[in-house]
Amino acid sequence: MKSYRIAAIPGDGIGPEVIAAGVESLQAIAKRDGGFQFVFDCFDWGGEYYKKHGRMMPESGRDQIRHHDAILFGSAGHPEIPDHITLWGLRLAICQPFDQYANVRPTRILPGITSPLRNVNNNELDWVIVRENSEGEYAGVGGRVHQGLPLEAATDVAIFTRAGVERVMRFAFNLARSRPRKLLTVVTKSNAQRHAMVMWDEIAAQVADEFSDVTWDKMLVDAMTVRMVMRPQTLDSIVATNLHADILSDLAAALAGSMGIAPTGNINPERTFPSMFEPIHGSAFDIMGKGIANPVGTFWSSVMLLEHLGEQAAADRLMKAIERVTADPRFHTPDLGGKARTNDVTAGLIEAIQGTNA
Ligand code: IPM
Ligand code: MG
């Protein structure tokens, strides 16, 4: 039987709770499918590891997961450690060297979930955001001088390379092409940022020439927030820079009903390195250990993991099971206004997996 090795990195906060649920769901879907199995290796990296060892993961960390078929990631963040240390020490320390340059964030209002937008039916908000995930504002280039003195200065330099922009544009156009509406919106800020964003626009237009079957348009990022709220039906696939898409994808998740639902894939399309799947919500320390974290974001990320592995039938089955669960208010966790606990939702999902005939 086909066997996939998955590196599970629960990380911090509610990460361990949702990743345990995600592992259970993947085991259940593999059993139901019968054509493949999962072997999970669990890594205890994150904030607690940092407190013991002074780093978020061991020096050999990437080598340890380099040959896994995929990575299932919880979250990084710790109340006692600055956020830029936890982020750069673990999540970005995996995403960037593993060249997971396409961060894919599907957003839909799932059955049973209410959008805060008045007058929007569930099928009228169905987007996929492609976030450039290897450079731009997250390039990590910059520095500080005169620290602590009155003339202290600091820079964070956004780096955009032609190759980096071209590959993410091509990925986004391909993704748009694979969806029924074949519609892509390129988010920019080339009115104010007159160098890199102008190049970004030029490359978008050049790549667009290869995709005459895809309709595309361009939106300034500020105007994009308005369009997402006022005319969500007019959007389908979206591509944006690392920071722009970071912000827009939180807005998207909220408009679709809850941060607890939204999934992510950090994709290395060439498969030279493993790709990494994670719920979009963070460590959520305020609800850590209470057993009420919404595992749906991890379940949906697991769907993306299955798709990436080429297990489309299992991915479809898991997605249907998720939709059955969200449709039933008994399985709504407090972020959705319900009383369900993580374990209730997981049990409901596994029942739905077993009962789904798709
Ligand atoms: C995300 C998150 C991260 C980011 C945080 C945890 C730094 O918000 O995945 O969107 O900004 O990339
Ligand atoms: Mg974010």
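At what angle do helix H5 and helix H6 pack, and how far apart are their axes? In this predicted model, where local features need pLDDT of at least 70, side-chain atom pairs count only at pLDDT 80 or more and totals for chains, interfaces and linings use all residues, H5 (residues 162-178) and H6 (residues 196-208) pack at about 45°, with axes 9 Å apart. That makes H5 oblique to H6, a label for what is left once angles under 35 degrees (roughly parallel), over 145 (roughly antiparallel) and 65 to 115 (roughly perpendicular) are taken out. Axes here are lines fitted to C-alpha atoms, for helices over the stretch in contact, and angles run from 0 to 180 degrees between N-to-C directions. Helices (H or I, at least four residues) and strands (E, at least two) are DSSP runs, numbered from the N terminus. Residues are numbered from 1 along each chain as its sequence is written, and side-chain values use heavy atoms, without hydrogens or water.

So who touches whom? On the H5 side, Arg162, Val165, Glu166, Val168, Met169, Arg170 and Phe173 make the contact (heavy atoms within 4.5 Å). H6 answers with Met199, Trp200, Ile203, Ala204, Gln206, Val207 and Ala208. Sorted by class, that is 10 nonpolar, one polar and three charged residues; Ala, Val, Leu, Ile, Met, Phe, Trp, Tyr, Cys and Pro count as nonpolar, Asp, Glu, Lys and Arg as charged, and the others, Gly among them, as polar.

Now look at another helix pair. H1 (residues 15-33) and H10 pack at about 120°, their axes 10 Å apart, and are therefore oblique to each other. Here Ile29, Arg32 and Asp33 of H1 meet Ala314, Arg317 and Leu318 of H10, giving three nonpolar, no polar and three charged residues.

A pocket is an open set of points on a 1 Å grid over the protein atoms alone, where a 1.4 Å probe fits, with protein on both sides within 12 Å along at least five of seven lines; lining residues have an atom within 4 Å of a point. The largest pocket has 27 lining residues, with Asp83, Leu87, Arg91, Tyr138 and Asp246 nearest its centre. H4 gives the most to this lining, six residues, and the classes come to eight nonpolar, 10 polar and nine charged.

The second largest pocket is lined by 26 residues, and Val104, Pro106, Val128, Arg179 and Glu307 lie nearest its centre. H9 leads there with five residues, and this lining divides into 14 nonpolar, four polar and eight charged.

How values were computed. Chains lettered and ligands numbered in written order.
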